[in-house]
Amino acid sequence: MKKVLAILLAACMVVALFACGGKTDPTPSADPTPTAATTPGGEEKPTPGPTTDGVPLGKILEGDHAGREKYKIVYMCNTLAWAWNAAIADTLGKLGEPLNYEFTAWAANNDFDAYLNNIPAFANQGYQGFVLGIDDTLAQASMEACLEAGVSFVAESTTIMDKDGLCIWSSVQQAQVKNGGIAVQWLYDHWKDYWTDATLDGQKVGLIGLNYSAVSGINERKPGVEQKFAELFPDGKFFDGDLAALGTTGFSAEGGNQLSTQIYSQNPDIEKWFVVAYVDDWAIGATRAAEQQNITDKTLVVSIQADAFLAEMSNNYTGNVYVAACAVSSTEFAIDMANYLVATISGVATPETIWPEWNDAGGSYPRIQVEGTMITRDTYKDYLAKQAAMLP
Amino acid sequence: MTAQKTSKFFRSKSFALIAIIIVMIIAFTLGNKNYISAGNISGFMTNISTAGLLAVGMVCLLISGNVDLAAGTEACMAGIFVATILGSGMPWPVALIITILFGAAMGLFNAFLVNVLGFMGFIATIGMSSVYKGLALVVSNGINVSISNQGFYPLGAYSIQMGKFALPLPFIYTVVLFVIYGLILKYTKFGRSIYLIGGNRNAARLAGVSIKKVSTILYINCGAIAAFCGAVSTAKMNSAGPQAISGTEMDSIAGAVLGGVSFMGGSGGLGGAFIGLFLISAFKNGLTAISLPTYWQTVAQGGILLIALVVDYFGERSRVSALKAEAAQAA
Amino acid sequence: MANSLEFNDVGKMFPGVRALSGVSFKAESGKVLALLGENGAGKSTLLKVLSGDIKPDEGEILIDDVQQSFSSPLESIKAGISVIYQERQLIPGLSVAENIFAGDLPGSSGIVNYKELRDAASEIIQKFGLSIDPDQPVGRLSVAYQQMVEIMKAYRRNSSIIAFDEPTASLAEAEISILFRLINELKAEGKVIIYISHRLGEIFELADNIVVLKDGQLVKTFVCSETTEDDLIHAMVGRDIGDTYANLSRNSVYGDTILEVSGLETEDIHDISFSLKKGEVLGFAGLVGAGRTEVMRAIFGADKILAGTVTFEGKEVHFKSPKNAIDAGIALCPEDRKEQGLVLFRSIRDNITMPVLAKLRKFLFLNKKDEAVLADAAIEKYSIRTPTADKIVFELSGGNQQKVILGRWTSDLFPAKLLILDEPTKGIDVGTKAEVYQMVCDYAKAGMAVIFVSSELTEVINVADRIIVMKDGRITGEVLRAEATEEAVLAMAMAGE
């Protein structure tokens, strides 16, 4: 009887795990293993092909899609419970109609072996287009698997790079560095909307960049923030709030709260605080910390990525601390990636020739960097409406 | 006799830890004078409360020779739970009580796994930890659950103003629970029976202690306190995140073990556990104060643990030789 | 307070072995009843039945002529029975007082009254004339004192029936006399005392009545004052062991000096010098704690040598670890088989073949067949009572465990040149003891040198060719067998007291 119960419980656990999975644990991932950049076709530089005029970014590729065979496209990510991934999958699904492809989404739920094994599996089932939602550890291996399977693929959010950081395959990612700068620029332009002081000259300004250095995609935002801040606020003090110091529990609002609390209280000489949270969750923690320290009149918090911001808005947050977020459009991502796959499957373009203006210097593969837009309490509704309008 | 007692104290583990803490505080203050500022201390108190609350239930379990490795995820689940039910508009004290009961239920389930199905506490709660982690993501859809009930917020965020210094409520909860449970462990029969079970299960059984009953109570207790911890943290954030607090139970355990609670069970107490936890947390706080680069922080954290263990080792040796001397005298 | 404990026709069967059958005897209050018997005679089983650990298949236990039925140890305790085992049942982290009153702490409505606890515990401690601090954590006490805490616990429980299982096994002389004093106190209070021991001397000192068990059956009941040692031994084994030593076929041809120790010094021993020839049996006599084991450990490389030299086969050696000594051909049968000798949870076969696993290897794998042959040979040779060689050593009786260790070091594949035996017959029945003595002589005949450490004076002075006596870490005397008498050797072992 004991054994039966134990087996039942184990089965329940397995089902639960599969049903919900987990966010990718932000374990420190090493840079992709050094291998020579495998450029099919080797030495000579291929002639430049369709630019973004030919295969557009941000709007659907035109052409007679209904007149050809129906393609099959799959989105492989780690978990569909994550809002961003779910949004991409959702949009990719909707695009299947105008672009004439069959779509399916698949989540690994931390089983990286299954991820790699499923690439040839899907290929065997006739899937020709792969959107790879990967992290640094999977990058190389999944690229090799796709090349072997002979399918068309594009990396989502994380670029596949060689050891020197050169992009060795097409990818669509957030403009990490640029978005960091955009956030700081926005703060520079709009702080006066919230603070009644006419000028910041002569005041000690500090900026906390809430980071998690172990994840490269997030860490890339730091230089954008740091440099912009040094440029616009030359006398300001930059604080690198690295949540990796708190261990894996740092990757949360609570972590952001703890670290912000410490930095606020350990530097009472700072008169005005800016906080840029590289992940939106942490902005909530920093906001609460400011409230608890009673410095709401001199703290402004913005985040890169806007999901948490939108949640606060729908919750009628009326404070003036968490005021803006750099929203990156998952819709735009999806459109770009769907275009890429359709173009490369149909032969209109090849990975080496498409979007050459987006190649890394000296590289042959485009690294699309999607810029974000700053949205505030006043503008977010318009933004959401615009997003919806991008879909046909 | 008092001379003996004093010298005994100086050789005790607690003293060694307190000495390290004092040295550490001085060192960090020299690095950044704001380390001991009112603001930082206040923030520190809030931060230590999360691990501290979890530690109360955890230490009781540890002394009995068991453990609840899912405590952090239980707190996280409770946080999401309270955020969700507050959405229905019920008064927050009611929501809080229901949440604590929810935590007790999670604890009861752990007790079921351990006492009825016979799993080891270690294994059973590691498993439940994964389950709750996943459930948290399912229920919250991966994003934070916000709270609109404004009355709930002060539960976790309010501080009592004492001049320049703000004493946070969560810290008060922590201290109060530590004191209450400390008294229970030391002065009640139930408390002593926990030591019996941890020290020698067989002897406990022969002494008439109902091991299953005590174990069940301790698991329920741990779950309930974890739920309270989750609720307080959620109140403080005004939202519940699906990744909050999970993993913090390791800090609680590390602090407890450092403070003398043996993983084998049967020894240690809440006082020592508090000191151990204090050391670890104050140290982490100090590293931020002096802006030590992140990866060095991890090295430093390992280092302080090592120092504490080494100091304890030498303290143990001198304790043992002192006892040998006493025994030789008495013989 | 119970007046009598009676076993009536008690029987118990385990798969394949009949542990007890038709055992009937009565123990009365204010008297000590000793249980005597070879290993495997059924003493432990009887004790387990008494303590409620197992239920008898036949027969019953009666207290004051009322039949008892225990379904758990807890019930046996409630009926007034306390069994003091060789393994401690205390909580090391709690104080003496808390252990004595475990489960029954004084105080009202759930709160412990520490003052009352301390006073009550002190009262009991004083009653027994001991000077133990009641707040002292029990884990810091010596083994002997821990045992006394157990006795006080039994006393506090108002147990009217107290059973001791080989209580003097690890006690020093002075501690043994304290123990006897305690037992006599309990006797005076009218408790029923059951005492199990191998040491005839103790039994004669303590017991009023003696029950001899053999192969699960009761052989005879004796009244102590009307019995002699020979009677008892005869009842236990059914033959005269008086000729044991006389019948030994000894070795008289000695070879070269194989071992020479000079000025050896470690933390526990000082200025030890002696030599040993091939074919010689050298005995080491002394009281518990004299340092004999420490000498052996130093030679074997298990302890750090601070000064002095060890010369083996003409070359000076510095064994950094037991492995070095083993490779050189020295074998050590340790005193404490549980802690230092056996891997308790592995099979007999595994334990026997441990040091020679290298030799049993065929390519990369163990030659299971050779392993089995080796193990079976040893089992046969030493009459180890077990159905198969796979039995987990943990389950064997103490004596059989000792035989397993002997089997390990004397298998054909292990060419020992020097065999060190530390208390080899501890816990072994009389019949097997004789076999072991002959084995020792046989090794000597085969050219091995043997060192034989034992606390049983009779044994050591009758088996060894030459006897070295130690006390407090030093050598206090050396005699040849021919000149040795128990009194003389004992005198040397206690020199200066």
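This is a predicted model: local features need pLDDT of at least 70, side-chain atom pairs count only at pLDDT 80 or more; totals for chains, interfaces and linings use all residues.
**Chain C at a glance**

- Chain C has 17 helices and 22 strands; helices (H or I, at least four residues) and strands (E, at least two) are DSSP runs, numbered from the N terminus.
- Of its 497 residues, 45% count as buried. A residue is buried if 20 or more other C-beta atoms lie within 10 Å of its own, exposed if 12 or fewer, and partly exposed in between, with C-beta atoms placed from the backbone.
- Among contacts in chain C between residues at least 6 apart in sequence, 68% join residues at least 24 apart. Two residues are in contact if their C-beta atoms, placed from the backbone, lie within 7 Å.

**Strand S20 of chain C**

- Strand S20 (residues 449-453) of chain C has five of its five residues buried, so the strand is largely enclosed by the rest of the structure.
- Ala449(C), Ile451(C) and Val453(C) are buried on one side of S20(C), and Val450(C) and Phe452(C) are buried on the other. In a regular strand the side chains alternate between the two faces of the sheet.
- Strand S13 (residues 281-285) of chain C pairs with S20(C) in the parallel sense over four bridges; two strands pair if DSSP finds at least two bridges between them. Here Leu282(C) stands opposite Ile451(C).
- Strand S19 (residues 418-422) of chain C also runs parallel to S20(C), joined to it by five bridges.

**An open sheet in chain C**

- Six strands form an open sheet in the order S6-S7-S8-S3-S9-S10 (chain C), with mixed pairing.
- Strand S6 (81-84) and strand S10 (217-223) of chain C stand at the edges with a single partner strand each, so one side of each has no neighbour in the sheet.
- From one strand to the next, the twist averages 20°. Axes are lines fitted to C-alpha atoms, for helices over the stretch in contact, and angles run from 0 to 180 degrees between N-to-C directions.
- Strand S3 (residues 32-37) and strand S8 (residues 192-196) of chain C pair in the parallel sense over four bridges, and Ala34(C) has Tyr195(C) as its bridge partner in S8(C).
- Helix H6 (residues 173-188) of chain C packs on the sheet, touching S3, S7 and S8 of chain C, and its direction makes about 150° with that of S8(C).

**Helices in chains A and B**

- Helix H7 (residues 221-232) of chain A has 12 residues, which at 1.5 Å a residue should span 16 Å; its end C-alpha atoms are 17 Å apart, which agrees. The expected span is 1.5 Å times one less than the number of residues.
- Buried residues of H7(A) include Val225(A) and Phe229(A).
- Helix H5 (residues 92-116) of chain B has 25 residues and should span 36 Å, in agreement with the 35 Å between its end C-alpha atoms. After H5(B) comes Gly118(B), whose phi is positive, near 80°.
- The axes of helix H8 (residues 169-187) and helix H13 (residues 270-289) of chain B come within 9 Å and cross at roughly 145°.
- In that pair, Phe178(B), Tyr181(B), Gly182(B) and Leu185(B) in H8(B) meet Leu270(B), Gly271(B) and Phe274(B) in H13(B). By class, this contact has five nonpolar, two polar and no charged residues. Ala, Val, Leu, Ile, Met, Phe, Trp, Tyr, Cys and Pro count as nonpolar, Asp, Glu, Lys and Arg as charged, and the others, Gly among them, as polar.

**Where chains meet**

- The contact between chains A and B takes 48 residues from chain A and 45 residues from chain B. H8(A) gives the most to the chain A side, with 10 residues.
- The contact between chains B and C takes 20 residues from chain B and 20 residues from chain C. On the chain B side, the largest share, six residues, comes from H9(B).

Definitions and conventions
Residues are numbered from 1 along each chain as its sequence is written. Chains are lettered from A and ligands numbered from 1 in the order in which they are written.
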